Amino acid sequence: MIDMHSHILPGIDDGAKNLEVSLQLIEKNLRDGVRTICLTPHFNFEKQTIEQFLEERQKSYELLKTAVEEKGWNIQFILGAEVAFSTELADQSGVERLCYGNSKCMLVELPVTYLPKWTSEVLDELQVQGITPLLAHVERYSYFQSEPQKLYDLLEDGCYAQVNATSIVKHKNAQKLIFLLMKHGMVHCMGSDTHSLEKRPPMLKQAQEIVARKMGNEYVESLHKNGESLATKGKAKVGPIRPIRSVFGYFF
Ligand SMILES: [Fe+2]
């Protein structure tokens with residue numbers, strides 16, 4: 001199992017505040033059967049340069065890697081970032097360094113309450129540079145909740161979609177939206193988006209069990225395969241997406 005989205009690296013963002021917390025989160029993921037964790041701390045163009053971010057991320061990673069080696073844990077890491085959406089994505093050179101590992105796939109976090117009108121232009125520009133945008137936790141944005149067609153349009157343009165395990169396990173409305181999206185081919189992979197054992201703990205195993213009951217084991221397997229493929233090759237072979245229709249506020 002692969003965790004596509006985590007804030008497990010110690011002391012770098014609002015996730016694990018120290019190494020001890022990082023190790024607790026990894027231990028929980030290991031117990032759940034996760035064998036690859038993508039380390040995706042927040043990156044924001046307004047707060048730091050790409051160079052500063054990469055330097056800090058490397059320091060934090062080395063600390064974690066040494067501790068995990070000492071424990072002898074069988075876990076693989078892929079370094080990445082959760083990149084806050086910005087027009088800088090289209091303007092700055094070297095943004096591909098924010099992608100997962102050596103792939104050309106970037107985890108992009110959109111603004112929570114509004115979708116900037118130039119979103120599709122910026123994401124298109126990324127794709128012109130050969131970078132595949134993976135939209136982080138698509139169930140959390142209010143505009144996709146009220147108008148899933150907006151997500152459809154971005155996926156139709158070549159973006160991929162990630163959902164959070166905690167949304168599936170803990171939040172009824174988010175779970176409802178996720179299943180609607182899944183039935184229309186609009187979810188491609190899962191992540192824990194874990195920050196600590198208190199705030200969004202890793203729960204991919206529970207999420208996987210719920211999804212398997214509704215969508216089948218083969219579907220769950222496809223989520224892991226897509227995730228691995230995106231984080232290592234930057235692309236995934238996924239099925240067709242279908243638009244979601246709405247009548248009197250009901251989606252189907
Ligand atoms: Fe996140």
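A donor here is an N, O or S atom within 2.8 Å of the metal, and water is not among the atoms, so a site may look incomplete. Keep that in mind for the first stop. The model on screen is predicted.

**Stop 1: the iron ion**

Select the iron ion together with H5, H7, E82 and D193. These residues coordinate the iron ion through NE2 of H5, NE2 of H7, OE of E82 and OD of D193, at 2.1 to 2.2 Å. Along the sequence the donor residues follow the spacing H-x1-H-x74-E-x110-D. H7 sits in the loop between β1 (2-3) and α1 (19-31), and D193 in the loop between β9 (189-191) and α9 (204-215), so this pair ties together parts that are 186 residues apart in sequence.

What is the geometry of the site of the iron ion? The site is irregular, with angles of 81 to 168 degrees among the four donor atoms.

Are H7 and D193 buried or exposed? H7 is buried, at 1% relative accessibility. D193 is also buried, with a relative accessible area of 1%.

**Stop 2: the open sheet**

Next select β1, β2 and β4. They make an open sheet of three strands in the order β1-β2-β4, and the pairing is parallel. β1 and β4 (76-79) are at the edges with a single partner strand each, so one side of each has no neighbour in the sheet. Now show β2 (residues 36-39) with β4: four bridges join these parallel strands.

**Stop 3: S167**

Move to helix α7 (residues 165-170), where S167 is found. S167 counts as buried, at 4% relative accessibility. Show its side chain and that of E139: a polar contact of 2.5 Å joins the two. Leaving aside neighbours within four places in sequence, S167 is in contact with residues including R140, A174, Q175 and I178.

**Stop 4: three phenylalanines**

Finally select F43, F45 and F53, which form one aromatic cluster. The rings of F43 and F45 are edge-to-face, 4.8 Å centre to centre with 85 degrees between the planes. Both of these residues are buried. The rings of F43 and F53 have centres 5.2 Å apart and planes at 65 degrees, so this pair is edge-to-face. F43 belongs to strand β3 (residues 42-43) and F53 to helix α2 (residues 50-71), so the pair ties together parts 10 residues apart in sequence. F53 is buried, at 1% relative accessibility.

Technical notes. Residues are numbered from 1 along each chain as its sequence is written. This is a predicted model: local features need pLDDT of at least 70, side-chain atom pairs count only at pLDDT 80 or more; totals for chains, interfaces and linings use all residues. Side-chain values use heavy atoms; hydrogens and water are left out. Donors are N, O and S atoms within 2.8 Å of the metal (3.2 Å for Na, K and Ca); water is not among the atoms, so sites may look incomplete. Four donors count as tetrahedral if all angles lie between 85 and 135 degrees; four count as square planar and six as octahedral if opposite donors are over 155 degrees apart and all others between 65 and 115; anything else is irregular. Helices (H or I, at least four residues) and strands (E, at least two) are DSSP runs, numbered from the N terminus. Buried means under 20% relative accessible area, exposed over 50%, partly exposed in between (1.4 Å probe, protein chains only). Two strands pair if DSSP finds at least two bridges between them. A polar contact is a pair of N or O atoms within 3.5 Å; within protein, one must be able to donate a hydrogen and the other to accept it, and residues adjacent in sequence count only if both atoms are side-chain atoms. Contact means heavy atoms within 4.5 Å. Rings of Phe, Tyr and Trp (its six-membered ring) pair if their centres lie within 6.5 Å; planes under 30 degrees apart count as stacked, over 60 as edge-to-face and the rest as tilted.
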